[in-house]
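Subject: Structure handover

Hello,

Here is the structure I said I would pass on. Please look it over before reading my notes under it.

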Amino acid sequence: MNSFRFLTLFVLFALSSSYALDVAFDETYVVTWGQDHVNVFDQGTRVQLSLDSHSGSGFESKSSYNSGFFHMRMKLGNNNSTAGVVTTFYLTSNGSNHDELDMEFLGNVEGKPIILQTNVFANGEGNREQRVNLWFDPKEDFHSYKILWNQHQIVFYVDDTPIRVFKNNTSLGVAFPTQPMKVTASIWDGSDWATDGGRTKVNWSYAPFTVQYMDFQVGGCPMEYNEECYGLNYWWNQAKYWKLGKNQQKKYEQVKENYITYDYCSDRERYPNAPPECAYNG
């Protein structure tokens, strides 16, 4: 094992421990659009994206990854109304038949909760939305949003609570994300769909809309390592991460019972017969 690879494995081990490395934004990420709507604070350890009637903004990781346990700490801006505003943390590949793992905050009018929507795209096919009403206000403080991705499952987390599981069901003919993906974040105008099916638009009198991000270390296997990214030397590929543990399963059941407000698996208007993966993702 060469020294660079050893150093990478050491960093990834450190990320799995109880402490986090203090990594500056520009070490791992680059602004991709809306440069004049991006502000960097605290020696690069905190970044704010903003949206107004002229532009939104976004950034992405410098590298693409083939597996990992990705996370970002986020705090949404404290606007009275965020209807139509979409704020994101997600993984995505390139091309028309792309893979993508979405965490999207859908804004709302004053007095109604911001909704967290997840979606899974594999080989260009998505339409697997689930929506969650969070048990806290994401505008009040920073929280950790995480995506586990290995060959066995994808798990979306809020802090340490799993809110969604998507299993590898390729044996059933269900596509599963395998393409190298970048970690991406953005804020943009989703007036045509995000709130009330697009009936409620962005009210620009409340602009600028903002979101802050922290924790820019990336817990992923770079695509250059190719098939090594599926090996057990990466902790997120080990057997304990092939399914939820007992305590995590209990938390997940509570989320499904109390906080999920929409699940494509239960939408009989769209899917008279539930897609085949739905029976296996619990």
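Residues are numbered from 1 along each chain as its sequence is written, and side-chain values use heavy atoms, with hydrogens and water left out.

Confidence

The average pLDDT (the predictor's confidence in each residue, from 0 to 100) is 93 for the protein, and 93% of the residues score at least 70. Residues 6-20 are the stretch to treat with care: pLDDT stays under 50 there, and the model has 19 contacts beyond four places in sequence for them. A contact means heavy atoms within 4.5 Å. Where pLDDT is low, the predicted coordinates should not be read in detail.

Overall fold

The protein has three helices and 16 strands. These are DSSP runs, numbered from the N terminus, with helices being H or I of at least four residues and strands being E of at least two. The radius of gyration is 18 Å, close to the 19 Å from the globule rule for 282 residues, so the protein is as compact as a globular protein of that length. That radius is taken over C-alpha atoms, and the rule is 2.2 Å times the number of residues to the power 0.38. The C-alpha trace spans about 55 × 50 × 35 Å along its principal axes.

Of the 282 residues, 54% count as buried. Buried is under 20% relative accessible area, exposed is over 50%, and partly exposed is in between (1.4 Å probe, protein chains only). Among contacts between residues at least 6 apart in sequence, 68% join residues at least 24 apart.

Disulfides

Taking a disulfide as a pair of cysteine sulfur atoms within 2.5 Å, the count comes to two. With the bonded cysteines numbered in sequence order, the pairing is 1-2, 3-4.

Cys 221 and Cys 229 are both buried.

The other joins Cys 265 to Cys 278, again with S to S at 2.0 Å. The link of Cys 265 and Cys 278 is left-handed, with -80 degrees about the S-S bond. Both cysteines lie in the segment after β16 (260-263), so the pair ties together parts that are 13 residues apart in sequence. Cys 265 and Cys 278 are buried.

Salt bridges

A salt bridge here is a side-chain nitrogen of Lys or Arg within 4 Å of a carboxyl oxygen of Asp or Glu. The whole structure has seven of them, including the following.

- Arg 270 and Glu 129: the closest N and O atoms are 2.9 Å apart. The pair links distant parts of the chain, 141 residues apart, with Arg 270 in the segment after β16 and Glu 129 in the loop between β8 (115-121) and β9 (130-133). Arg 270 is partly exposed at 33% relative accessible area, whereas Glu 129 is buried at 15%.
- Lys 146 and Asp 160: the closest N and O atoms are 2.8 Å apart. Lys 146 is in strand β10 (residues 143-149) and Asp 160 in the loop between β11 (153-158) and β12 (161-167), so the pair ties together parts that are 14 residues apart in sequence. Lys 146 is buried at 17%, and Asp 160 is partly exposed at 49%.
- Asp 42 and Arg 46: the closest N and O atoms are 3.1 Å apart. Asp 42 is partly exposed at 41% relative accessibility, and Arg 46 is buried at 18%.

Salt bridges also link Glu 125, Arg 128 and Glu 277 in a network.

Two single residues

Glu 104 is in strand β7 (residues 100-106). Glu 104 is buried yet has no salt bridge, and the nearest side chain of opposite charge, Arg 131, is 7.2 Å away. For charge, Lys and Arg count as positive and Asp and Glu as negative, while His and the chain ends are not counted. Leaving aside neighbours within four places in sequence, the contacts of Glu 104 include Val 86, Ile 115, Gln 117, Trp 188 and Trp 193.

Glu 224 sits in the loop between β15 (220-222) and α3 (246-258). Glu 224 counts as exposed, at 58% relative accessibility.

Regards

How values were computed
Predicted model: local features only at pLDDT ≥ 70, side-chain atom pairs only at ≥ 80, totals over all residues.
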